[in-house]
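Here is a short report on one protein model. Look at the structure first, then read on.

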Amino acid sequence: MIKAGSDSTIMEYRLHLALTPKELEETAEKYHFSGMDVRTGTEELQGIHEMLCKAADCRAVCMVEKEKMEAEAVLTLGAQVDALQEEYQKQGLLMEAYLTDCLCRELLRKGNRALDERIQERMNLYAVRYLFPGQNLPLEEMERIFLCFDGKAPVKLHPGFVLVPRQSVAYRIVLSDREPETCADICADCVRRASCERYTSGERYGNREKGADDAFPNTDLQPSDFH
């Protein structure tokens, strides 16, 4: 058990994540696979998703600081997911490796939301914003996040701010004691972005136009690798 300060609460969870058929269809559309040939369309995505779910060991840890109304969080899909992706690369199956990467991003986003629900159930607090080092926080803030867990996070932070396992994310959650009217999800992927008051106003943290990959900078495969 990780110790926390008097005004902080540490929570550790194992999350069981899987995408629904509808979410898989949306993923294929989002990453432009639905218009490609059958092998790289939704059927291929479904097969890789099944293997990914068998390999995934999703663990999350967060420290809620109620006085600051913030939480530091680390989330990972586990080392076996990295091994699956590396095996695809070793066999020269680069498209399959990239599809795995895309699915991991969606599973990590689902893990964000699952952790939000755990915080709400235990602390009666709501997530209103995600802040990511290297995106809307200085990259050095990642070190501060990991210091909260005294070396006992399910992810290791290596020099150069590299996370291992690679399919992991460290971030800060802005909390509220009131249920928000809008979600804390990543703005670039949110269908309600145009009408979101937080997004258009810029809030106290500021914002910028973000690409779909910005929130998970630790992944190393990009669509340009296959053109």
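## Terms and model

Buried means under 20% relative accessible area, exposed means over 50%, and partly exposed lies in between. Arg 59 is partly exposed, because its relative accessible area is 33%. Keep in mind that this is a predicted model.

## Overall build

The protein has six helices and seven strands. Along the sequence they run β-α-α-β-β-α-α-β-α-β-β-β-α. The protein has 227 residues, and 49% of them are buried.

Now take contacts between residues at least 6 apart in sequence. Of these, 73% join residues at least 24 apart.

## Salt bridges

Side chains of opposite charge can pair when their charged atoms come close. The structure holds 11 salt bridges.

One of them joins Lys 110 and Glu 23, with the closest N and O atoms 2.8 Å apart. Lys 110 sits in helix H4 and Glu 23 in helix H1, so the pair ties together parts 87 residues apart in sequence. Both residues, Lys 110 and Glu 23, are buried.

Asp 57 pairs with Arg 59, and their closest N and O atoms are 3.0 Å apart. Asp 57 counts as partly exposed because its relative accessibility is 27%.

Arg 172 forms a salt bridge with Glu 141, at 2.7 Å between the closest N and O atoms. Arg 172 is in strand S7 and Glu 141 is in helix H5, 31 residues apart. Arg 172 is buried, at 6% relative accessible area. Glu 141 is partly exposed, at 21%. A network of salt bridges links Glu 72, Glu 141, Arg 144 and Arg 172.

Conventions:
Residues numbered from 1 in each chain as written. Predicted model: local features only at pLDDT ≥ 70, side-chain atom pairs only at ≥ 80, totals over all residues. Heavy atoms only, no water. Helix = DSSP H or I, 4+ residues; strand = E, 2+ residues; numbered from the N terminus. Buried < 20%, exposed > 50% of the residue type's maximum accessible area, 1.4 Å probe, protein only. Contact = heavy atoms within 4.5 Å. Salt bridge = Lys/Arg side-chain N within 4 Å of Asp/Glu carboxyl O.
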